[in-house]
Structures are given as structure tokens and as C-alpha cells.
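Here is a short tour of one protein chain. Keep the sequence and the 3D view side by side as you read.

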Amino acid sequence: MKRIFRPTLVAAAIACSLGVSSCKDYLEVNPTAVDTPETIFSNVSGATSAIIGAYDPLSGDAGYGNRLSSYYPFDSDEMQSSSGGDDAGSGRRGIARYTSVTTNAEVLNPWNQLYQGIERANLCIKYVPEMTQYNSGTDMVTVRRIHGEALTLRAQYYFELVRNWGDVPEPRTPSVTGQDFNLPRTDRDVIFDHLLDDLALAETLVPWRSEVASDERITKGAVKALRARIAMYRGGYSLRQNGQVSRPSNYKDFYAIARNECSDLMANRGQHTLNANYEETFRSINELRVEAAHEIIFQVGMGGASAASDSKLGYYNGPRITASPKYGQSSGAVTVLPTYFYAFDSLDTRRDVTIAPYTIGSTDNQALTTLISMYDGKFRRDWRLPLVPAVSVQSLNYNWPLIRFADVLLMFAEAQNDLAGPTVAYNGVTATQALMEVRVRGFKGNTKAAGTPPTDQAGFFNAIVNERFVEFGGEGIRKYDLIRWNLLGTKLAETKATLRAWIADQTASSPYAKIPLVMYYTVVNGQVKYSRSLYRPAPATKPAGTTNVNWRSSITEARIADIASGYTTNRQLLPIPASAITTNPNLVQNPGY
């Protein structure tokens, strides 16, 4: 991996300085020390430093290095963050339990950092098109790419703000001394419409992946995939300022945009496609390398071993590791719900990548967890290459995948099904074919095991809901999918009801008897090996030479009650930070706070 470089820019007389920014993994630029935006954007080197600075707020603790990736997407019906009660709404548990207060620092800091990213992008969006190199010369393509990157970064920052806070202030020009900073909230539909237009322009400015050096900078595939995602959200349900959940009457128009963008990407498989092996995508992240098929279309580069620029992926989450001489230490703060484990077919290879049902201790050996204590598995410290045994190290340089090609296929399938049904082709591909490409990959090409999806629209939609469930576990997608489908409350209630049914009837004749009350295992070469089937009742006597842990019998009412304990429809959105409302009298708080 290339050395991390942190260019410093000082832009005087603007409210949010370009400040200190960092390049990640592959990004290397020369530093530029200047005083005004006009000087910064007088040459390609300065403009390049500026756009790298605009990437920087994606990373770090307050970005996708931790809060946006590991706090905000939970609790859902797949996973729970920091189980064990609430923290009076003042920290990460308040976010996960839907009880956050307006003074929660974990709400304020990401809010501020996302707006910092917007400010930096706005500077590039204003000044780059004014450069003499923008319209002619050998540097024209390079400069126009920077403009497209800035438009895309701003879209990503606003997208994250909208899906967590709803209507938000929308500054679209850089701050200047003397302006009125007390902007009111802009309707999210208006923001999304602006972003869709911006991304349509950005598509014409940035190159395809194969046309430039390999790094984490935005290319055409990322722009198209983000535009498709925003269009799906623009056409989805959301909690409005009046406290009602609704979707636009013309939502199909936005599904058509998403379908078209996904279709374009599907027609350019030389740029991005599915890895043949599901595990490869996530092994590559843990091994700090580029994955084979470039399935990760848009990712956040991490590096620098600091809370400002790196990630705690694999330390905050992943299997819990306690003082291991070989692997170091990790917290295991994100736990998998038992119903999610059993949402996977026994032959679905995605289960054992997505879920890590083990801990590691001082002997460096795995030990099986209980069914209620499993961990998310896509970011594992014990998978890292090279290993980091130092227990004090929390930053592992793991990038965060924002959009994968699998999402492109499933967005296409969802949109095409709604627009025309599952079996009608668009540009030669049906919704069924797109879904099954993802599903069959999960079953390692076993089409018989993968089954056949329904042929009616309603049934196929339910298949999409399930396929996205098992495909994207732990990637910060599920909760927001459920919100845009208006299913979050329904799925949380279903999960709790199912878990209560599992503990209410533990007889041999129970309809849930196929889920064993106790599991038995051995350790072979340091790894857990199941001694009994995960899908058959536990035996009457313990198999010789095995260790047992509570499985279905580990589920308790207290743990069930803890899941999303404060959820109501009005708590789908986070509160506007109290300090933002104090300084801006034109802001109105979200419903429920």
C-alpha cells in the first residue's frame, strides 16, 4: 500500500477552512500552502489537493470509520449495536435504541462533519469551473474530473444527512464572510432532485474505472450507482415533518431513473461485476488489497491510524477478541440477532461470511458464542493481513464499501419489478435474472439450492426484501431499506414475536425444535467445528469430547426487550442537534423530539 499523505490547505475568509485533509491508501498528491481559494484553484496541483480534502470527512470516527457505519445503521432486524440497555439517549446506545436526545455528541459530531464535507465540495464546485484549464488544454479532462468528483461527494454527504435527519439546510455555495448562515430546512425531495441533476452532470465529467489509475477516487460507476440509489430513496417512503410516513405519487419516475442507471452499469461488466466468490469481496478489505472484479464500486478510503482519518472497523465490530497474542483485541460491539442467523439457508455461503459466531481469547483459539451473542463478520481483525497483534491498536485501515455491484443488480431487479414485473426484460435483462445472479453466487453456483423466485410482483418484491437482507448484512443498508419500504416497525415487531415464540415453546414437539437448544463443538486448528447440525434438535446426551453452549436456550426476554427498545415511527429520524437549533433559529426540530 502507498504511503498516507496529508496535504494542508488554508483558505482564509471562509467559514469552513479547507484545513487539514488526508489522502488514503492509494491517493498521493503534493502539498500546497496558500491563503485564498483563488490561489488554490489557479493550478491543477492546488485543485487536486482541494478535492482530496473534500474526500476526507468521509473517514474517521465521526464519518464512515465508525459512527456512520457502526452506530447509525442499528438496531434493525439483522443486528444490534452495543446490546445491554440504553445510555439515557446520550451516546451510541441511545442511537441504536431510538432514544437519542438532542444533546447527544454522537449526533452532533457526524452532523458537523457531513456539513464540513459539503463546504469543501462546494468550494471545488464553485472554483473549479472558473479555472482556465476547465475548457481547454492538456489538463482539461483532469480538471473536469475534479468537478465531477466534487458534485458526487456533495451528493453522498447530503444523502447521508437526509436519510438520518430528513429535511436539512442545503447550502449549495461555499460560505463567505457576512452571509446569513441561518438557513431553514429544505424539503428532502427538493434536495434529492438537486442531487439527481448534479449526478447526471457528474457522469459526463468523470472517467470509467479502467481509464485511470486504481485508487479510491470516484469514477463513472460510482456516480451512476449513487444516482440509482438516491433515485430509489427519492421514490421511497420517509417520515415527513408532519409526523406522517409517505412516498411521492410519481415514485415510479424515480424508479425508472434507477433502472436506467443500473442497466448502464450492467452493460459495462468490464468496469464492475460480481466476484465469483462472495467471500472475496470482504477478504480483500481485510487484506488491504483491491478485489478481483471491482465489485466495490464506491468506497471510503481509510488510513493514517488516527480518529480523524482512519476506521475502527474490525476493532469496534467483528468477533470479540480478548488479549490475543496473535490477533490483538476487538470489542465485538455489533451482535447478530438469532432470527437473522436462521434467515440464511443452510447452503447459503453468505451466512458464514456475514456472521462470526465465535470469540477469541488469550490462547488464540476460537470459542463458540451463544445464539444471542454472535457478531457481524465482514470486518474481522483475525482476517487482517498482515495481522496486528498489538492490543492498543484500534485503527486497522479497513475501507468502508458504500456501494457494491450486487446492489446495482438488486436495485435493477426491484425497480424493474415495480415498473413491469419480474419476467419482463429491460435491455435484455429481467428482474428475475438480476436477482438470481446475486442469489446463485451466494450458493456457489448451485441453482437448485438457490431456488426460483415468485413470478408475481408482490411475491417477487418480498423475495427482493429477503435477498437484500441476506446479501448486505452488516453493511449499513438494512435499516434504511426498511424505512424506504415503510417496513421498519413491522420487521422489528416480527423479529421480537419470533424470538418470543422460540423461547415460549422448548418442547421436543415444538415447531422450532429444528433450532437446537444447545450446540456442541470442538476446536480444530484453532477454529470452531460444529459437532451437530445447526438445523436439527440437540441430542439427549452430550457427544463425547465436545464443548456445549446454550443456543436457542440463550435467548431471554430481557435481550428481546432491549432490541430497538425505544422505537416508534417518529423516531425513525435522528434529532437535529440542540446546538444547531440554538445557533440557527430557522431550524425546526424533527417530530418526536
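## Terms and model

A residue counts as buried under 20% relative accessible area, as exposed over 50%, and as partly exposed in between. The model shown here is predicted.

## Overall build

The chain has 593 residues, and 60% of them are buried. Its secondary structure consists of 20 helices and 15 strands. Along the principal axes, the C-alpha atoms fill a box of roughly 80 × 55 × 50 Å.

How does the radius of gyration compare with that of a compact globule? For 593 residues, a compact globule would have a value near 25 Å. The chain has 24 Å, which agrees.

## An enclosed strand

Strand β4 covers residues 296–300. Four of its five residues are buried, so the strand is largely enclosed by the rest of the structure.

Which strand does β4 pair with? Its partner is β12, made of residues 400–404. The two run antiparallel, and four bridges join them. Look at F298: its bridge partner in β12 is I403.

## The largest pocket

The largest pocket holds about 570 Å³ of space. Its lining has 23 residues. Nearest the centre lie W111, Y115, P169, P171 and F181.

Which element gives the most to this lining? It is α5, with eight residues. Helix α5 spans 105–127, and α20 spans 578–583; each supplies at least two lining residues. By class, the lining of the largest pocket has 12 nonpolar, 10 polar and one charged residues.

## The second largest pocket

The second largest pocket has a volume of about 440 Å³. Its lining counts 18 residues, and Y358, Q366, R380, Q527 and V528 lie nearest the centre.

Strands β9 (358–360) and β14 (527–530) each supply at least two residues of this lining. The largest share, four residues, comes from β14. The lining of the second largest pocket divides into eight nonpolar, four polar and six charged residues.

## Cis peptide bonds

Most peptide bonds are trans. Where does this chain have cis ones? One runs from F74 to D75, with omega near 5°. D75 is in the loop between α3 (67–71) and β1 (79–81).

Another cis bond runs from L385 to P386, with omega near -5°. P386 is in the loop between β11 (375–376) and β12. Recall that β12 is the strand joined to β4 by four bridges.

## Positive phi angles

Most residues other than glycine have a negative phi. A88 has a positive phi, near 60°, and is not glycine. Its place is the loop between β1 and α4 (92–96). Is A88 buried or exposed? A88 is exposed, with a relative accessible area of 64%.

N397 also has a positive phi, near 70°, in a residue other than glycine. N397 is found in the loop between β11 and β12.

Conventions:
Residues are numbered from 1 along each chain as its sequence is written. This is a predicted model: local features need pLDDT of at least 70, side-chain atom pairs count only at pLDDT 80 or more; totals for chains, interfaces and linings use all residues. Side-chain values use heavy atoms; hydrogens and water are left out. Buried means under 20% relative accessible area, exposed over 50%, partly exposed in between (1.4 Å probe, protein chains only). Two strands pair if DSSP finds at least two bridges between them. On a 1 Å grid over the protein atoms alone, a cavity is a set of points where a 1.4 Å probe fits but cannot get out, and a pocket is an open set with protein on both sides within 12 Å along at least five of seven lines; lining residues have an atom within 4 Å of a point. Grid points are joined across faces, edges and corners, and a volume is the space filled by probe spheres set on the points. Ala, Val, Leu, Ile, Met, Phe, Trp, Tyr, Cys and Pro count as nonpolar, Asp, Glu, Lys and Arg as charged, and the others, Gly among them, as polar. The radius of gyration is taken over C-alpha atoms; the globule rule is 2.2 Å times the number of residues to the power 0.38.
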